[in-house]
Amino acid sequence: DDTPIRLWEIDPTGEGPYMTHSSYMMHGSPSPISSMTYSPDGRSLVSGSIDGTIRRYDTASGDPIQAPSSGPFQARLVVISPDGRVASARETGSVTIWDAGTGLVDFVLCGHTETVEAVSFSPCGHWIATGSKDKSIRLWDSRTGQLCRTLTGHTSWVSSLGFSPDGLALVSGSKDGTLRIWGTNAGESRVLVSVEHWAFLSAAYAPDGLQIASHHLLFDPLKFPSEGLTGGLFIWDQQTGEQRHILDNSFVWRLLSEAGEWKVRLVWNAGPSALTAFDATIVGTVGLSTTNRKLLLQRGATDVYMPDISALEEVERDAPGESETQSLGEGSIPE
């Protein structure tokens, strides 16, 4: 059977977060989907799958609008350029650039010695940047596929790339805990941010080019990987590296093993002064106690089924055995 692809409509209600509902389902690849992206005009969607199949769909009808392209290796990443071309990165370290309209291959970018983890097209249309587990970044001529320069400096794999709006600079995020800014003309670089035990997973310029948004994981080397990871969203000044904003809901769901059984628990990952849940929506949760639900509502979350805290308090009174809600200064919440 095909792996389904679902499209969702976003309905602004005018009050609180957006509400979502399923629009329709498309028939995807026979194997799991590894990457998807919209075309610049939003009229088509391209997907890549583990079996190497790449497909393109009409977003209005959900119908495939092009015969699938396929290869023997996983299509780990698909990216669409401003002019509508598609880049697909495979496990071999190569990146194929093809015409989304005809499905014909323009050229193949070869040179990385390990898997490509990031691909980005410059807004000006001149460059294609690729980043790899081989710790290097390569800049290619987007018209010919010719390698223009290789950028080195990261000490671990490159996981994210993003061009500035004018195409003159490139930001890269790496598992070495650094964000770097590169000049696309000369290839010079500077370290914008460097934090020990951080792994930057994504980075992007703001439309005005003055700030950079990043997402990272903080790995605690003293803990088992599944227990030692927390993350955050940050906004940085692209010139000075000064931290401008932290976009973080301050709580995470953790999968923990207790007495031989796996349980999901809600854990705060910030101090009491930063315990907020604004822009968070509680919907379709399973196993969330009224205690934790009430605390999330008090911290600014929105519950689409029970938005009134007083109604939740009435439910809580009728639920014997439920522990009293902790004070807002507590730093962890037991289930």
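Is D237 buried or exposed, and what is its relative accessible area? D237 is buried, with a relative accessible area of 13%; here buried means under 20%, exposed over 50%, and partly exposed in between, using a 1.4 Å probe and protein chains only.

1. **What you are looking at.** This is a predicted model, in which local features need pLDDT of at least 70, side-chain atom pairs count only at pLDDT 80 or more, and totals for chains, interfaces and linings use all residues. Residues are numbered from 1 along each chain as its sequence is written, and side-chain values use heavy atoms, with hydrogens and water left out.

2. **Charged pairs.** Side chains of opposite charge can pair when their charged atoms come close. In this model there are five salt bridges, each being a side-chain nitrogen of Lys or Arg within 4 Å of a carboxyl oxygen of Asp or Glu.

3. **Around R244.** Start with D237, whose side chain meets that of R244 in a salt bridge (2.9 Å, N to O). R244 is partly exposed, at 38% relative accessibility. E242 also forms a salt bridge with R244, with the closest N and O atoms 3.8 Å apart. E242 is partly exposed too, its relative accessible area being 43%.

4. **Around R85.** Salt bridges that share partners join D83, R85 and D106 into one network. Within it, the side chains of D83 and R85 meet at 3.5 Å, N to O. D83 counts as exposed at 57% relative accessibility, whereas R85 is buried at 14%.

5. **The largest nonpolar core.** A nonpolar core is a set of buried Ala, Val, Leu, Ile, Met, Phe, Trp, Tyr and Cys residues joined through side-chain atoms within 4.5 Å. The largest one here has 13 residues, and V171, L179, I181, L192 and W236 have the most contacts inside it. At least two residues each come from β16 (169-174), β17 (178-183), β18 (189-194), β19 (198-205) and β21 (229-237); such strands are DSSP runs (E, at least two residues), numbered from the N terminus. β19 gives the largest share, four residues.

6. **A closer look at I181.** Contact means heavy atoms within 4.5 Å. Leaving aside neighbours within four places in sequence, I181 is in contact with residues including V171, L192, Y205 and I212.
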